[in-house]
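Colleague: Could you walk me through this one, feature by feature? I'd like the general idea and then the case at hand.

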Amino acid sequence: MDCLQINQEEMIERYLLGQLQESEQEALERHYFECPHCLKELETRRALREELARREVEIRAEATRAPGVRKWLWVPALAGATAAIALAVWLWPRPTSTVPTSPIAQTPATVPDNSPLVRLAHVEPPAYTPLTLRGSTNAANRRFHEAMAHYKEGDYAAVIPGLRQALRLDPTLPEANFYMGACYLLTSNEEEAIKSLNKTVSLGETPYLEDARFYLAKAYLRSHDIAAAQRELEKVVGLEGDRESEARQLLQQLATLSKTSP
Amino acid sequence: MTIQPHQPEDLTSLAERIRQNDPTAESDLIRIFQRPVFVMLVTRTRDSEAARDLTQEVLLAVLKALRNGQLRAAEKLSAFVHGTARNLANNYLRTLLQSPRELPLDPDLPLAAPEGKTLQEEERSSIVQRAIQQLDSLDRRILLMTLVDGWKPGKIAVELALTPEAVRARKSRAVRKVIEMVEKLSRKRP
C-alpha cells in the first residue's frame with residue numbers, strides 16, 4: 001500500500017467511517033505508522049469530521065433556513081453579468097476592415113491582442129499552494145514539488161522538464177498532469193496543454209477535475225475551437241463548483257460574441 | 001518544512017539504542033510513535049480518553065520489550081508497535097463488551113465532550129473550525145453527509161438535487177481546501 005493508493009481509494013475517509021475490511025485497515029495503519037504525511041492527513045480529516053459532527057445541528061439548520069434559495073442566487077448575478085458583457089461588447093473597439101471580423105475565423109497571427117476572443121481566452125496561472133503531500137514517500141511527488149519551485153517564481157517554461165520527469169515516474173499523478181497543462185497553456189503551447197489537461201480529466205475524480213476542464217476550455221478557445229470550449233464550460237457548470245459562475249459568464253460572453261460576429 | 005518518512009535504518013538503530021539503555025532513544029520512540037498509536041486507538045475505540053490511557057500502555061509495553069531485547073528483528077519496530085497497539089485495543093474492546101460501562105444519562109455532563117486535547121490537537125481543531133466556516137454552506141452539508149453520515153455521492157446527490165459528479169467534485173475540493181488551510185496556517189506557527 002502506498003500514498004497514491006490511499007488517496008485514490010479514499011481509504012482514510014473509509015477508515016474513519018469504519019468501512020474498511022480488517023486487512024485494509026491493518027495495511028493502512030502499518031502505512032501511516034511509517035508515513036508522517038498520511039498520518040497528518042488522517043489527523044486533519046479526523047479533526048474535520050469531529051468539527052462537522054460538533055456543528056451538525058447548525059449545518060443542518062442552515063439548509064432548512066434557506067430552502068430553494070441557492071438555486072436562484074445565480075439569476076440576478078447572471079443578469080448583471082449579461083448587462084456588463086453587453087456593455088463591454090458594445091464598448092470594445094471594432095475591428096478595422098483589414099482585420100477579419102469573425103474571431104472564429106481568425107488565425108493567431110491576425111488576432112489583435114484586444115480582440116474579444118483573445119480576452120476570453122486569457123488565463124491567469126492557477127493557484128498553487130506548496131504542500132508536503134505524498135512528496136515524502138514517492139519519488140514522483142518529490143520531483144513534482146521540486147519542479148513547482150519554478151512555478152512560484154512565475155517561470156512556467158522551467159517547470160515543464162521537472163513535471164515531465166515526475167510524470168515519467170508516475171503518469172497518473174493528477175497534480176503533475178494538471179500543472180503541466182497549465183504551464184503549457186501559460187507558455188502558449190495549446191496543443192500540449194490540451195493533451196495534459198485531457199489526461200487530467202481522464203483521471204476522473206481528483207481535486208483538479210474542475211480546474212482541468214476550465215483551463216481545457218481556455219486552451220480550446222486559444223485554439224479557436226469554440227464548440228469544444230463551450231462543451232467543457234458546460235461541464236464545468238455541471239460540476240457546480242468554484243468555477244461555475246466564471247464558466248457561466250464565459251458561455252454567455254461566447255454566445256454574445258457569436259451573435260455580434262457576422 | 002518537508003515531512004520526512006521514518007527511514008527503516010533509523011528505526012532499526014532506535015531499537016538498538018533503547019536496548020543499550022540510551023535515554024534519548026526512549027524519548028525519540030515516544031516522539032515518533034505517540035501520535036500514530038493514539039490516532040489508531042481513538043479510531044478503533046471511538047473513545048479519546050480510553051485511547052490516551054491505552055497509548056501510554058502501548059508505549060510502556062514497547063519500551064519494556066525493547067529494553068529486554070525482545071524484538072528479534074529490529075527493522076520491524078514499526079510493525080511491532082502497531083501489533084502491540086492492536087492487541088491492547090482488541091483486549092480493551094473485548095473487556096468493554098464483557099462488562100459494559102455505565103454511561104451517564106445526562107447529555108449535559110462534561111463526559112459528553114472530548115477532554116484533554118493536546119496543544120497540537122487544539123490548534124488543528126481551531127484551524128479546521130475556521131476552514132469549515134469559510135466553506136460554502138452547500139459544501140458543509142456535503143461534507144457532513146459524507147464524513148459524518150457516511151453517505152455515498154449518489155444518495156447525497158438525490159438529497160441535494162445535484163449530480164453525483166458535482167457532489168464528488170465539491171467534496172473533493174472542500175476537503176482539499178481544509179487540508180491546505182491547515183497546512184498553510186500550521187506552517188506559519190512556530
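**Reading the helices and their packing**

Modeller: Let's start with one helix: helix 3 of chain A has 13 residues and reaches 19 Å from its first C-alpha to its last, close to the 18 Å expected at 1.5 Å a residue. The expected span is 1.5 Å times one less than the number of residues. Helices (H or I, at least four residues) and strands (E, at least two) are DSSP runs, numbered from the N terminus. This is a predicted model, where local features need pLDDT of at least 70, side-chain atom pairs count only at pLDDT 80 or more, and totals for chains, interfaces and linings use all residues. Residues are numbered from 1 along each chain as its sequence is written, while chains are lettered from A and ligands numbered from 1 in the order in which they are written.

Colleague: Which residues in helix 3 of chain A are buried?

Modeller: A residue is buried if 20 or more other C-beta atoms lie within 10 Å of its own, exposed if 12 or fewer, and partly exposed in between, with C-beta atoms placed from the backbone. Here the buried ones are Leu28(A), Glu29(A), His31(A), Tyr32(A), Phe33(A) and Glu34(A). They pack against helix 1 (3-8), helix 2 and helix 4 of chain A, together with helix 2 (23-45) and helix 4 (77-98) of chain B.

Colleague: How many residues does each chain put into the contact?

Modeller: Two residues are in contact if their C-beta atoms, placed from the backbone, lie within 7 Å. Chain A gives 47 residues and chain B gives 44 residues. On chain A's side, helix 4 supplies the largest share, 15 residues.

Colleague: And which residues touch the most other members of the largest nonpolar core?

Modeller: A nonpolar core is a set of buried Ala, Val, Leu, Ile, Met, Phe, Trp, Tyr and Cys residues joined through C-beta atoms within 7 Å. The largest has 68 residues, and Leu163(A), Tyr179(A), Cys183(A) and Leu216(A) touch the most other members. Apart from it there's another core of 38 residues, including Phe33(B) and Leu71(B).
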